[in-house]
Amino acid sequence: MSTLSPSPAVIPLSRPAQRLRDSHGRAITDLRVSITDRCNYKCVYCRTGNEGAQYAELPIADYLRLIRIFVSLGIEKVRLTGGEPLLRKGLLEMVRELAKMRTSFAPDGSPLDSVHGQPLDIAVTTNGHLLADLAQPLKDAGLTRVTVSMDAVDPETFARITRVPNSFEQVLAGIRAARRVGLDPVKVNCVLLRGFNEEQIPGFARFAREEGVVVRFIEFMPLEEDRLWSPATVVPIHEVIDRLGQFRPVVPLSATHASETACRYTFDDGIGEIGIIAPVSQAFCGQCSRVRLTSDGKIRTCLFSQSDHDLHGIARRGATDADLADYIVSTIVKKEARHHIGEPGFLKPSRSMVHIGG
Ligand code: SAM
């Protein structure tokens, strides 16, 4: 049961409607919401082998109220994540409600009424373990896109990384189900961790070509519960390109939009798409359009923030939608210019990835 009253369709603001923008001039259009910090995997680069500390989960209605206010301020894409979002009861109802929301601004920044707004782009990031059965219901509920995290293309390495036996086939079935129901293009994200899976790169190239998915390699960031990260654990973008090139000549593709985080490639025969996301060796903070809401309802302006902003806390104390909108606007202004990974004095963020929402 929600502790909060529902939002009206139109959020009354205490200032003229304006798109969220930070003090560095970046428009914030992409909201990532962690709807649980429970996870059924214990990936070696993310979790401790033990039960990590857990924060609270909010009622789905509370996430929806907060998201609706973000959307009134210019959010166009909502990505549900976690923890593992497919574990969350109420996920399908949540996607159904999100599918009713409409964007609030035209590309030129002028406000739109609810009739002229576009449907939101609604995505889920999942480990895929439960996806085979949920792909069709999610699509029917209005999900637009799915990204599946998968760090190996052979079952033994996969089990060693996730610390869950016999899940590989289920994830594969989930990816295929997502494609079959039309959640295209399915993206498959692989975090590369030196000594664990860099030898999987050619196998992933083959996988992208044979399965018709976009494989994206992601550099490992210092966001784990344990202290594993060092510069030496990162497999940098130039090494990934070299290894792909040994498999088959690679051809760069142009970016699809300005806030694209992946460098995109195909092969000399045009079959298969690979993206490389290099937040460490080629940071893209200047194009960041993201803000995050943690599973306990706190705003994080950057993955590497040293503190959170307790949006749900003030909602619980009786803030109106207009108060919450003001709080969001004033928080976004403070978004960090960039992260400082690998620089002297770098401080690990106040929460690890599983508790932020990837
Ligand atoms: N459970 C879901 C999943 O597996 O996709 C969603 C949450 S998970 C934290 C989101 C993504 O963050 C996954 O692709 C995971 O590989 C990635 N991730 C976790 N820790 C990371 C790290 N330290 N550096 C880079 N990516 C990381």
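**Helix packing, buried residues and backbone features**

In helix H7 (residues 237-247), the buried residues are Ile237, Glu239, Val240 and Leu244. Because these residues cover an arc of only 160° around the axis, they sit on the same side of H7. His238 and Gln246, by contrast, are exposed on the other side of the helix. This picture, like everything that follows, comes from a predicted model.

What lies over the buried residues of H7? The cover includes one helix, H6 (201-211), together with strands S5 (187-192), S6 (214-219), S7 (250-253), S8 (262-267) and S9 (273-277). The axes of H6 and H7 come within 9 Å and cross at roughly 65°, and the crossing is right-handed. On the H6 side the contact is made by Ile201, Pro202, Ala205, Arg206 and Arg209, and on the H7 side by Val240, Arg243, Leu244 and Phe247. By class, the residues of this contact divide into six nonpolar, no polar and three charged. Two of the H7 residues that take part, Val240 and Leu244, also belong to the buried set of that helix.

Helix H6 has its own set of buried residues, namely Ile201, Gly203, Phe204, Ala205, Phe207, Ala208 and Glu211. Their cover includes helices H5 and H7 as well as strands S5, S6, S8 and S9. Ile201 and Ala205 are buried in H6 and are also among the residues that meet H7.

For helix H1 (residues 60-72) and helix H2 (residues 91-98), the axes come within 10 Å and cross at roughly 25°. As angles under 35 degrees count as roughly parallel, H1 is roughly parallel to H2. This crossing, too, is right-handed. Ile60, Tyr63, Leu64, Ile67 and Arg68 of H1 meet Met94, Glu97 and Leu98 of H2. The residues of the contact divide into six nonpolar, no polar and two charged.

Val124 belongs to strand S3 (residues 121-126) and counts as buried because its relative accessibility is 0%. Which residues surround Val124, leaving aside its neighbours within four places in sequence? Val124 is in contact with Arg79, Leu80, Pro85, Leu86, Leu143, Arg145, Val146 and Thr147. Met101 lies 23 residues from Val124 in sequence, and the C-alpha atoms of the two are 16 Å apart in space.

Thr294 lies in the loop between strand S10 (290-293) and strand S11 (299-300). With a relative accessible area of 0%, Thr294 is buried. Not counting residues up to four places away in sequence, Thr294 touches Ser34, Tyr63, Arg300, Arg351, His355 and Ile356. One of these, Tyr63, is also one of the H1 residues that meet H2.

The backbone holds some points of interest as well. Most residues other than glycine have a negative phi, and most peptide bonds are trans. Arg163, however, has a positive phi near 60°. Arg163 is placed in the loop between helix H4 (155-162) and H5, and is partly exposed because its relative accessibility is 37%. Asn166, found in the loop between H4 and H5, also has a positive phi, about 60°, although it is not a glycine. Asn166 is exposed, with a relative accessible area of 71%.

How values were computed. Residues numbered from 1 in each chain as written. Predicted model: local features only at pLDDT ≥ 70, side-chain atom pairs only at ≥ 80, totals over all residues. Heavy atoms only, no water. Helix = DSSP H or I, 4+ residues; strand = E, 2+ residues; numbered from the N terminus. Buried < 20%, exposed > 50% of the residue type's maximum accessible area, 1.4 Å probe, protein only. Contact = heavy atoms within 4.5 Å. Arc of directions from axis to C-beta. Axes fitted to C-alpha atoms, helices over the stretch in contact; angles between N-to-C directions. Left-handed = near helix turned anticlockwise from the far one by under 90°. Nonpolar A, V, L, I, M, F, W, Y, C, P; charged D, E, K, R; others polar. Parallel < 35°, antiparallel > 145°, perpendicular 65-115°, else oblique.
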